[in-house]
2 protein chains.
Amino acid sequence: MNRYFVQQPLTLGETLTLPPSVAKHALTVLRGQVGDELELVGTAPQAYVATITGLDPATVQVTRALSGQPELPVAVTIVCGIGKGDKAEWITQKATELGVSQLVFYNATWGTARWAKDRAPKKLARLAAIAAGAAAQSHRTIIPQIVFIPELAALPLHDGEARLVAYEESAKAGETAVLLQTLQQAPRELVTVFGPEGGISPAELAWTAAHGFSNAGLGPRILRTETAPLYLLSAVSVVCELQGEAHA
Amino acid sequence: MNRYFVQQPLTLGETLTLPPSVAKHALTVLRGQVGDELELVGTAPQAYVATITGLDPATVQVTRALSGQPELPVAVTIVCGIGKGDKAEWITQKATELGVSQLVFYNATWGTARWAKDRAPKKLARLAAIAAGAAAQSHRTIIPQIVFIPELAALPLHDGEARLVAYEESAKAGETAVLLQTLQQAPRELVTVFGPEGGISPAELAWTAAHGFSNAGLGPRILRTETAPLYLLSAVSVVCELQGEAHA
């Protein structure tokens with residue numbers, strides 16, 4: 001069943017008019033008929049089944065709430081150095097499928113590409129659309145936030161969050177304990193910084209060290225800058241979701 | 001340090017002439033000089049450091065063996081339905097970084113694309129080159145094999161391997177135990193079948209069930225056909241590599 005996000009609160013039993021973009025996809029593209037069902041998520045992170053009750057205008061009735069928790073038990077923020085080409089689009093789509101809460105892109109000292117400040121809003125709008133599409137397709141109940149910061153030192157920090165840097169030199173040195181130790185403490189929030197293709201610079205690494213980030217290796221293979229966040233998110237799922245459930 | 005695969009056995013202390021493609025990259029692209037070091041992997045899964053001893057012809061001496069084990073403790077075969085566009089390229093690159101041993105592509109009943117038998121060798125040659133590049137970049141000691149089979153039922157099976165199907169309906173139903181149970185038995189080989197975008201067909205699912213494959217969910221989110229193998233490989237790394245090491 002197709003899932004759509006609508007920007008309004010939803011209540012069980014209510015009838016609502018579908019936003020034009022949703023109506024177009026559900027009725028025109030998929031040829032939905034009165035009586036057909038679709039899934040809606042409103043402004044709260046809860047999915048509902050809704051039944052089509054009218055075609056013009058496109059109306060649905062919210063008929064039941066869906067159980068199941070598709071969100072990771074840890075709110076993960078992925079902080080990525082900006083790279084070349086369509087890497088940001090790609091990371092946004094895949095990280096959304098794998099459960100990321102927030103994606104932050106920064107102009108890295110050793111980055112192979114930079115976003116000019118005045119072009120960032122257009123880039124972010126495109127990434128937000130990709131995140132919305134991926135969130136619906138992967139049956140999530142929130143759309144990750146996408147944020148741009150001009151440099152790593154502008155990263156907003158919150159008390160109580162766990163903080164990691166995915167550090168290639170740690171991976172090369174065989175360091176594998178920090179990630180597990182961090183996840184086993186079951187943090188509610190985890191922020192992980194990834195360097196660009198050129199690597200994280202000494203000044204950026206000094207900034208993270210001064211702000212309580214630990215350097216973590218992500219297994220013994222050297223992962224590309226766009227692959228490492230996917231490993232991290234999968235690891236959070238395995239340890240905090242699959243194994244958390246097995247122990248519960 | 002850059003890593004290169006050469007198709008010959010290597011022995012500590014020996015001097016060898018670099019193959020033309022390696023010589024071109026190491027000497028022309030990277031401007032290597034006599035005395036500079038590079039990493040070589042020969043026909044055995046062992047990486048060495050070699051020192052450039054001559055430029056024309058390009059010769060190196062194998063100066064020391066590298067410790068560290070970049071290969072997953074489980075030999076993972078990923079079996080993927082063929083999809084549209086460059087998905088096979090993409091899966092090959094990312095799965096190689098994440099440690100896959102073998103990739104098998106099959107024409108799936110509900111696939112959105114098919115490979116004609118006579119075009120498969122050209123496709124495989126391209127994927128093999130991508131795998132070789134990704135294996136070198138991720139500092140692996142083997143290059144994954146890439147195989148094409150015309151249909152899932154042609155998949156070669158081996159005694160003793162663990163067998164899973166990544167099944168979307170299991171994910172939707174909240175099944176999360178099978179993957180963990182399988183990995184905790186520490187199999188030496190794991191074969192996992194992934195459907196194409198259109199999903200795995202009832203006949204294909206019946207074939208896997210008849211051949212000892214278990215249906216496994218990969219967490220509560222619905223992953224795209226090209227994302228699910230990356231989750232599986234990351235899970236193998238976390239459970240069998242990071243956690244295996246923590247318990248060792």
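This is a predicted model: local features need pLDDT of at least 70, side-chain atom pairs count only at pLDDT 80 or more; totals for chains, interfaces and linings use all residues.
**Entry 1: how much touches?**
I started with the contacts and found 39 residues of chain A touching 39 residues of chain B. Next I looked up the area. The size of an interface is often given as the accessible area lost when the parts come together. Here about 3400 Å² is buried between the two chains, and carbon and sulfur atoms give 56% of that. On the chain A side, R221(A), R224(A) and L242(A) lose the most area to chain B, together 21% of what that side buries.

**Entry 2: charges and polar pairs.**
I looked for salt bridges between chain A and chain B and got six. One pairs the side chains of R224(B) and E97(A), with N to O at 3.4 Å. For polar contacts across the interface, I noted 19 residue pairs.

**Entry 3: which parts of chain A face chain B?**
Three helices of chain A each give two or more residues to this side: α2 (87-97), α5 (177-184) and α7 (228-247). I wrote down α7(A) as the largest share, with 12 residues. By type, the chain A side splits into 16 nonpolar, 14 polar and nine charged residues.

**Entry 4: helix α2 of chain B.**
How many residues of helix α2 of chain B are buried? I got 10 of the 11, so this helix is largely enclosed by the rest of the structure. The buried ones include W90(B), I91(B) and E97(B), and charged K87(B) and K94(B) are on the list too.

Terms used:
Residues are numbered from 1 along each chain as its sequence is written. Chains are lettered from A and ligands numbered from 1 in the order in which they are written. Side-chain values use heavy atoms; hydrogens and water are left out. Contact means heavy atoms within 4.5 Å. Buried area is the accessible area (1.4 Å probe) that two parts lose on being put together, summed over both. A salt bridge is a side-chain nitrogen of Lys or Arg within 4 Å of a carboxyl oxygen of Asp or Glu. A polar contact is a pair of N or O atoms within 3.5 Å; within protein, one must be able to donate a hydrogen and the other to accept it, and residues adjacent in sequence count only if both atoms are side-chain atoms. Helices (H or I, at least four residues) and strands (E, at least two) are DSSP runs, numbered from the N terminus. Buried means under 20% relative accessible area, exposed over 50%, partly exposed in between (1.4 Å probe, protein chains only).
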